[in-house]
Amino acid sequence: MYSRELATFVVVAEQGSFLKASKECYITPASVMNQINKLESLVGVRLIERTNQGTRLTAAGRAFYQDAKKLIRQSEQAIARARQIGKDEQQTIRVGTSILRPCKTLVDLWAGIDDGTLPVAIRIVPFDDDPASMEAMLDSLGREIDCFVGPCDSLTWRERYNILSLEPVNCCIAAPRKHRLAKKEMLQWSDLDGETLLLVKRGDSPVLNRLRDEIERNHPQITLLDTPHFYDTNVFNQCEQMGCIMETLDIWRDVHPSIVTIPMMWDYKIPYGIVYAKKPAAPMQTVVTMLRSRLITAGVS
């Protein structure tokens, strides 16, 4: 921010008198003189000549006056920009997005409630799906990312975060395009006999734990191969390279060009929703309230 002395100097230069400048600045003439003396001492040259008729600028003072006005104007503009950016940041929702957890669902919902007049903007923040990146993203939730959309069948998540539930998504079977099951339109349990199935390792997903229990209890002909708690594209690559099948979700049908997604005759669905911090910022809470109202109206939540 520009100094008080600089502002006072500009007023003196324009008023041509310490007395007139003091009235303009609402300070005493002595205070005006002290500020000018301090400024001249700092600059190292005489800027203003004192006369019986008032004041006038020296040659150095005239040059300094033009630059001083520019500095003050630029300083005011910088302050205004910073305040506007700060205001915009306070009204921005940072939505995380990745290949397996795209933000399109939230963007589509947002389009249904924003007529262009809402004082909240969306900024897309990309993240990776690998387990380490997912953990880092979750740790930053509420600080660097306000929310993301994805499968949320996790007891831990429900303890640590808020979740605005959307329609659940269907569990399916994925297979390489050259696999014997790839041409089928619908699968049943007997189709999986003798297959190796990639499945999220046992953990805090109640739905997938139940699925694992059913396979271990009723379908011993299926060999289970554990995957990390967080799927990423490497799991799909592994499925294709090994020529085996994997549990997947219908929303991931287009993730890998060499993998097909096939519905399965079972009743396993994964909760799906918007995950956000327990204590969200005001703009995020505003958005959640509006989205929840829209979902209730639509009969989703």
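Phe127, Phe148, Trp157 and Phe230 are linked into a cluster by ring pairs. The model is a predicted one. Nine aromatic pairs are present in the structure, and a search of the whole structure finds 12 salt bridges.

**Aromatic pairs**

- Tyr231 and Phe236 pair edge-to-face, with 6.3 Å centre to centre and 80 degrees between the planes.
- Tyr231 is buried, its relative accessible area being 3%, and Phe236 is likewise buried, at 1%.
- Phe236 also forms an edge-to-face pair with Trp252, at 6.2 Å centre to centre and 80 degrees between the planes.
- Because Phe236 belongs to helix α9 (residues 233-242) and Trp252 to the loop between β10 (245-249) and β11 (259-263), this pair ties together parts 16 residues apart in sequence.
- Trp252 is buried, with a relative accessible area of 6%.

**Nonpolar cores**

- The largest nonpolar core comprises 56 residues, and Leu192 and Ile274 have the most contacts inside it.
- Another core lies apart from the largest one and has 16 residues, including Val11, Phe18, Leu57 and Ile72.
- Leaving aside residues up to four places away in sequence, Leu192 touches Ile173, Leu181, Leu187, Ile222, Ile245 and Met264.

**Salt bridges**

- Asp129 and Arg101 form a salt bridge in which the closest N and O atoms are 2.7 Å apart.
- This pair links distant parts of the chain, 28 residues apart: Asp129 is in the loop between β4 (121-126) and α6 (131-139), and Arg101 is in the loop between β3 (92-97) and α5 (104-113).
- Asp129 counts as buried at 6% relative accessibility, as does Arg101 at 5%.
- Glu216 and Arg202 meet through their side chains in a salt bridge of 3.2 Å, N to O.
- Glu216 lies in helix α8 (residues 206-218) and Arg202 in the loop between β8 (196-200) and α8, so the bridge ties together parts 14 residues apart in sequence.
- Glu216 is partly exposed, at 47%, and Arg202 is partly exposed, at 40% relative accessibility.
- A salt bridge of 2.8 Å, N to O, joins the side chains of Arg212 and Asp226.
- Since Arg212 is in helix α8 and Asp226 in strand β9 (residues 223-227), this pair ties together parts 14 residues apart in sequence.
- Arg212 is buried at 6% relative accessibility, whereas Asp226 is partly exposed at 45%.

**Nonpolar surface**

- Leu42, Val43 and Val45 make a nonpolar surface patch of about 270 Å².
- Val43 is found in helix α3 (residues 29-43) and counts as partly exposed, at 35% relative accessibility.

Key
Residues are numbered from 1 along each chain as its sequence is written. This is a predicted model: local features need pLDDT of at least 70, side-chain atom pairs count only at pLDDT 80 or more; totals for chains, interfaces and linings use all residues. Side-chain values use heavy atoms; hydrogens and water are left out. Patches are made of residues with over 30% relative accessible area and no salt bridge: like charges are joined within 9 Å, nonpolar side chains (Val, Leu, Ile, Met, Phe, Trp, Tyr) within 5 Å. Accessible areas come from the Shrake-Rupley method with a 1.4 Å probe; for residues, only the protein chains shown count as cover. A salt bridge is a side-chain nitrogen of Lys or Arg within 4 Å of a carboxyl oxygen of Asp or Glu. Helices (H or I, at least four residues) and strands (E, at least two) are DSSP runs, numbered from the N terminus. Buried means under 20% relative accessible area, exposed over 50%, partly exposed in between (1.4 Å probe, protein chains only). A nonpolar core is a set of buried Ala, Val, Leu, Ile, Met, Phe, Trp, Tyr and Cys residues joined through side-chain atoms within 4.5 Å. Contact means heavy atoms within 4.5 Å. Rings of Phe, Tyr and Trp (its six-membered ring) pair if their centres lie within 6.5 Å; planes under 30 degrees apart count as stacked, over 60 as edge-to-face and the rest as tilted.
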